[in-house]
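Here's a quick briefing for anyone about to open this one up in a viewer. Have a look at the chain and its ligands first, then read on.

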Amino acid sequence: MISLSVNGAAGRMGRQLLTAIAEREGARVGAAADAPGQACIGLDTSVLSGGDASGVSVVDNVQALERGGDVIIDFTAPVVSLALLDALEDDSTRVVIGTTGFSAEQLERLHEHASRRAILFAPNYSVGVTVTLKLLEQAARALGDDYDVEIIEAHHRHKVDAPSGTAIRMGEVVADALGRDLASCAVYGREGITGARESQTIGFETIRAGDIIGDHTVLFAGNGERIEITHKATDRMTFARGAVRGAIWLHSRPAGLYDMTDVLGLK
Ligand SMILES: NC(=O)C1=CN([C@@H]2O[C@H](COP(=O)(O)OP(=O)(O)OC[C@H]3O[C@@H](n4cnc5c(N)ncnc54)[C@H](OP(=O)(O)O)[C@@H]3O)[C@@H](O)[C@H]2O)C=CC1
Ligand SMILES: O=C(O)C1=N[C@H](C(=O)O)C[C@H](O)C1
């Protein structure tokens, strides 16, 4: 039986993760944590996920979280995920990170942590998006520079980072396949007299509205035709089940940084 702990347990994803662990054979909720001061601290995790009492109380510190689980799953915010990594005492504690919105400097710190601990880090844990990334790579290689690339993403009104981590990863995959550097060819939104589209750029458009779980479209537009590759998530459980699958996979891995293509054997 693998014990999986959840950081950010009271969040939209945290609650789904508690449910996904409970339904997964061979796994159990080892511990659950959320921010100090949250009303759920000290209460049984079932106040967050529903269902029968788990016997596991929600804690507000990393030490208690670490004691409870072989693998910690963290869907919070960049500063919280990094503070978790900084505070862990045992290098054999594996961490699955779903948080998005890391700056370049924060990503560097995450990479440093992966030199001594196994970390699974993906902006999207759905199987569908992971497969979509491979489709994008193939499409970009085959289409080459004659097709303009635009990435459109839509999420719920509560999302705090933009573009989504998934959209950025899609951009990185396409840029790599086309031999471009995303940092220098990305264009984020357009307004006013922008001039004609510069070739070789990759555009990003962001929509924030209502309760959209997560839609991503990559548009390859050429002369006389266009291809649109779209993924739509309709239930957050798809991310949660993927993260739990990843956590079980990570349990037996040595230190290093992994992503969902490793878990699905698509590397
Ligand atoms: N990789 C993937 O597949 C997916 C990634 N995400 C990403 O996951 C992240 C979380 O998303 P979502 O669940 O919607 O966000 P929420 O804001 O709903 O959840 C985050 C939770 O973390 C809590 N938190 C804040 N500080 C701490 C702390 N110090 N210790 C422990 N918990 C803390 C928050 O508490 P409080 O409310 O008090 O701040 C909140 O309960 C985002 O970055 C999002 O983009 C989301 C879906 C899928
Ligand atoms: O914040 C969300 O909700 C989501 N965030 C992830 C991202 O930024 O890509 C994944 C998913 O689309 C939902």
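What follows is a short tour by topic, from the domains to the ligand shells and the annotated residues.

Keep in mind that this is a predicted model. The protein chain splits into domain 1 (2-125 + 236-264) and domain 2 (147-222), and the shell around ligand 2 takes at least three residues from each of them. UniProt, in an unreviewed entry, lists His-155 and Lys-159 under "active site", and both turn up around ligand 2.

**Domains**

- The C-alpha centres of domain 1 and domain 2 are 28 Å apart.
- Where the two domains touch, five residues of domain 1 are in contact with eight residues of domain 2.
- Sorted by class, the domain 1 side of that contact has one nonpolar, three polar and one charged residues.

**The sheet**

- Seven strands make up an open sheet with parallel pairing, and the order is β3-β2-β1-β4-β5-β6-β12.
- At the edges sit β3 (58-59) and β12 (256-258), each of which pairs on one side only.
- Inside that order, β5 (residues 94-97) and β6 (residues 118-121) run parallel and are joined by three bridges.
- One residue pair to look up here is Ile-97 with Phe-121, its bridge partner in β6.

**Ligand 1**

- A set of 24 residues surrounds ligand 1, and the closest are Gly-8, Gly-11, Met-13, Ala-35 and Gly-98.
- Helix α1 (residues 12-23) is the top contributor to this shell, giving three residues.
- The class breakdown is ten nonpolar, eleven polar and three charged residues.

**Ligand 2**

- Around ligand 2 you'll find Thr-100, Pro-123, Asn-124, His-155, Lys-159, Ser-164, Gly-165, Thr-166 and Gly-214.
- By class, that shell comes to one nonpolar, seven polar and one charged residues.

**The "active site" pair**

- His-155 belongs to strand β7 (residues 148-155), while Lys-159 is in the loop between β7 and α7 (165-177).
- His-155 counts as buried because it has 25 C-beta neighbours inside 10 Å, and the cut-off for buried is 20 or more.
- Lys-159 has 17 such neighbours inside 10 Å, so it counts as partly exposed.
- Leaving out residues up to four places away in sequence, His-155 touches Ser-164, Arg-208, Ile-212 and Gly-214; of these contacts, Ser-164 and Gly-214 are also among the residues around ligand 2.

**The "binding site" residues**

- The UniProt record (unreviewed entry) puts "binding site" at His-156, Gly-165 and Thr-166.
- His-156 is in the loop between β7 and α7, and it is partly exposed because 14 other C-beta atoms lie within 10 Å.
- Setting aside neighbours within four places in sequence, His-156 contacts Gly-210, Asp-211, Ile-212 and Ile-213.
- Gly-165 is part of helix α7 and, with 19 C-beta neighbours inside 10 Å, counts as partly exposed.
- With neighbours within four places in sequence set aside, Gly-165 is in contact with Thr-100, Gly-101, Pro-123 and Asn-124; Thr-100, Pro-123 and Asn-124 also surround ligand 2.

**One more histidine**

- His-111 is in helix α5 (residues 104-113), and it counts as exposed because it has 12 C-beta neighbours inside 10 Å.
- From His-111 to Gly-144 it is 33 residues in sequence and 31 Å in space, C-alpha to C-alpha.

Terms used. Residues numbered from 1 in each chain as written. Chains lettered and ligands numbered in written order. Predicted model: local features only at pLDDT ≥ 70, side-chain atom pairs only at ≥ 80, totals over all residues. Pairing = 2+ DSSP bridges. Helix = DSSP H or I, 4+ residues; strand = E, 2+ residues; numbered from the N terminus. Near = placed C-beta within 6 Å. Nonpolar A, V, L, I, M, F, W, Y, C, P; charged D, E, K, R; others polar. Domains from an automatic or database assignment. UniProt positions renumbered as here; feature names shortened; annotations may be inferred. Contact = placed C-beta atoms within 7 Å.
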